[in-house]
Amino acid sequence: MTDAESVQSLLRDSVQAFHARQPGAARLRRLRDSGQALDRGVWQEMAASGWCGVLVPEACGGSGLGPAEAAVIAGELGRGLAPEPFVAAAVLAVQALAPLRAHAGVATLLEQVAQGSCIAALAWQEQAGEYDPSTSRLQATEHDARWQLDGAAKRFIAGAAAADGFIVNARDRQGVPILLWIARDTVGTSLQITSTVDAQGLGTLALDGLTLPAQALLARGPEVETALRRGIELARLLCAYELIGVLDTALATTIAYTGQRVQFGRPIATFQALQHRMVDMWMQGQLAHAAADNALQLLQSGAVEPVLALAVSAAKARASSAALFVSKAAIHLHGAMGIADESDIGLCLKRALALSAWLGNAQWQRCRYLDTVLRTGAALLEDGAASTTAAAGEAQDDDAITDMAALPDERFRQVMARWIAANYPPAKRFMKKRAFYSDISDWYQALSRKGWLAPAWPKEHGGMGLSAAKQVIYYEEMTRHGCARIPDHGLVVGQLLLHYGTPEQIAFHLPRILNGENMWCQGYSEPNAGSDLASLRTRAERDGDELVITGQKIWTTLGSGSNWMFALVRTSMPEGRRQRGITFVLIDLRTPGITVRPIVNLKGEGEFSEVFFDAARVPVGNVVGNIDDGWTVANSLLRNERIYFGTPRQCEYALGQLDRLAKVTQAMEKGGFRDRYATLVLDVRDLKSAFEFFVGRLRAGEQLGSEVSYLKVWGTETYQRITDELVQLAGDHGSESDDVDIDGERIDVMNQYLDSRAPAIFSGSNEIQRNILAKQILSLPSWAGEKA
């Protein structure tokens, strides 16, 4: 654990212990019912713990920590439903002041804030939906050593009810930004508190005609607005973390309640429909975590303002919509108790409503994101691989590289990008069908000659020996360049043989995979045993040194182009778990008694097949691992490989087609489409953030667990939402089977639409993935009689 992680862990424990002593929901109700704005004793305890000064520089009496530590506090306070205005007073106000601390009055005020003796509220907003401090219409005229204020009131002031004073921005007569301190009891001020659903309130401060002493000036100059912008941006991000804390509590409370609530003789948490709803709630939380963490990383790495602003808006949009989604669903799953004030779940919804509205709600953030992209020409989605496009033409001594696995990740990506650009057949970019070997044999052989065909295999067996993280980069670059997916089941079985196969199996099969002599397919699914694979019925009876196989496989990808299959067959039916008694076996499809029949898919292509076995005889020596223990072998495929189900590249390509169609149809001028489009853009961005989180775990050497399944669910369903919008936007062209041609612009609509139907079904349907997440991540209960 690093020093920073240790500090964050201590902070997390500190806030949790604080809530254990003084539960947030109880504090909130006590303040609400008594009409108090704040318990000063509680605020002093928070200050004594260092939270009020977490962002205050040490020279000004604070701890001088950073946004990551403040995010921990905000998230935990949100989780505890704390009513204290931490983000408003200890983040927004402090960050507006800290860069200006060279001014004596600012340093003094920061010290008081850190000590908890002064609660400051930033008053900068004047109109609803207007968050740019440079638009302030409040004028400050200096004469006779005093300031005369004229103009607009400050509105939507968070923390105003508890504030001792206000940090107010204005402009002097020369238009220079200034910052003023106005104590709450200043004669002539008029403060009105508008009640909010979470009982916190928002303030409106009328300042027209107010006269202040000269010492009310805190700072003057263009740096004032820079500090304000950065403070507002950080407060948005920390507000997202507080929202995430709220939704985490709403979900945890719901899981606990549904596990105890009994209806129809069983806990309602055992009902699959409710389990899937709670999984969807959990997924929204995971996306919000990923989006917020992505923005925080960019902030800490010193990202330029437009990039950071996009990331923060993405985080606030996702956290806002996720918290509302989870809180509303939580109330519904609580039934009548959800609408009772004595239940804390209603407090979650109310807090989510208030926080999501503050500093720009989800719709405003999406609009800001899209407007920024259209105005600045920034990429719709920041791409870690973007630099490789420019780098592809640079002169590099790539041919001298002998060990790709030893390269730094970015260098590895660049070398991959240059070689693919120079060697992949241009006419085969973004093929609209699943490629058989005959379609792509030139590329398959080029990869084989280069030694790049098998990224996961060890070098001594003809592979690249790449780490899991570099394998992700490998496939990202292939997809980004539009490379057709090669028939790769041979690479899968080769990897399995290296772990479970005999020396004879390895020596025979691996060279024939690398040279393209043998093409492989996977024989798992059967009629009535697709997602429920443990129900398979294809039998293998032992007869001496042979297995006699009888049965049927279906939905066999590239089956008609393969001459070998790796399959699961049932060799016994022991009592207990149905996964026992299954054997993993290699089958030569040219064996007598085997018939392969292509299945035509929605696009009119024979990508899939049925395979029939009529007493086909296979040597026992073709069994991989032990007889009756094939489930162990097959299940190993789904460990780190699960991450590939959630790659964002497919969504990005479809989004690119939607972007082109929107431009040619001028759909961006239509408000309804703009918001739907922005929603999809952020859906893909959040998928990328989540994907990169898991890649980071692989890079750190971690094994991925079942939680990675949500990438597959979110990614495939986002892909479908994008292609649904493609068809709708195409209008009269929406049923055309070929590329849509509008004013000479050819756009892939129907192919993308039909392609998007399959991924949510294959490799374990999304419903099965939700079942996995419900049981293995949320630990939701099963019910007696359910299949193991």
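**Ground rules.** This is a predicted model, where local features need pLDDT of at least 70 and side-chain atom pairs count only at pLDDT 80 or more, while totals for chains, interfaces and linings use all residues. Residues are numbered from 1 along each chain as its sequence is written, and side-chain values use heavy atoms, with hydrogens and water left out.

**Salt bridges.** I counted a salt bridge when a side-chain nitrogen of Lys or Arg is within 4 Å of a carboxyl oxygen of Asp or Glu. The search of the whole structure gave 60 of them. R770 bridges to D280, with the closest N and O atoms 2.8 Å apart. That pair links distant parts of the chain: R770 is in helix α23 (residues 766-776) and D280 in helix α8 (residues 272-300), 490 residues apart. Helices (H or I, at least four residues) and strands (E, at least two) are DSSP runs, numbered from the N terminus. D280 is partly exposed, at 21% relative accessibility.

Next I checked D172, which forms a salt bridge with R220 at 3.1 Å between the closest N and O atoms. D172 is in the loop between β5 (165-171) and β6 (177-183), and R220 is in strand β10 (residues 217-220), 48 residues apart. D172 comes out buried at 3%, R220 partly exposed at 32%.

I also noted R539 with E541, a salt bridge of 3.2 Å, N to O. Then there is a network: salt bridges that share partners join R413, E476, E477, R480, R649, E652 and K688.

**Aromatics.** Rings of Phe, Tyr and Trp (its six-membered ring) pair if their centres lie within 6.5 Å; planes under 30 degrees apart are stacked, over 60 edge-to-face, and the rest tilted. I found 18 aromatic pairs in the structure. F18 and W51 have ring centres 5.1 Å apart and planes at 85 degrees, so I logged the pair as edge-to-face. F18 belongs to helix α1 (residues 3-21), while W51 is in the loop between α3 (40-48) and α4 (67-79), 33 residues apart. F18 is buried at 1%, and W51 is buried at 1%.

Y474 and Y475 are edge-to-face, with 5.0 Å centre to centre and 80 degrees between the planes. Y474 is buried at 3%, but Y475 is partly exposed at 31%. I wrote down one aromatic cluster made of W282, F693, F694 and Y710.

I traced an open sheet of three strands in the order β4-β8-β7, with antiparallel pairing. Two strands pair if DSSP finds at least two bridges between them. The edge strands are β4 (154-158) and β7 (190-194), each pairing on one side only. Three bridges join β4 to β8 (residues 202-206), and A158 has L202 as its bridge partner in β8.

Where does T557 lie? I placed T557 in the loop between β15 (546-553) and β16 (564-570). T557 is buried at 15%. Leaving aside neighbours within four places in sequence, T557 is in contact (heavy atoms within 4.5 Å) with R434, H489, C521, E607 and F608.

How values were computed
Buried < 20%, exposed > 50% of the residue type's maximum accessible area, 1.4 Å probe, protein only.
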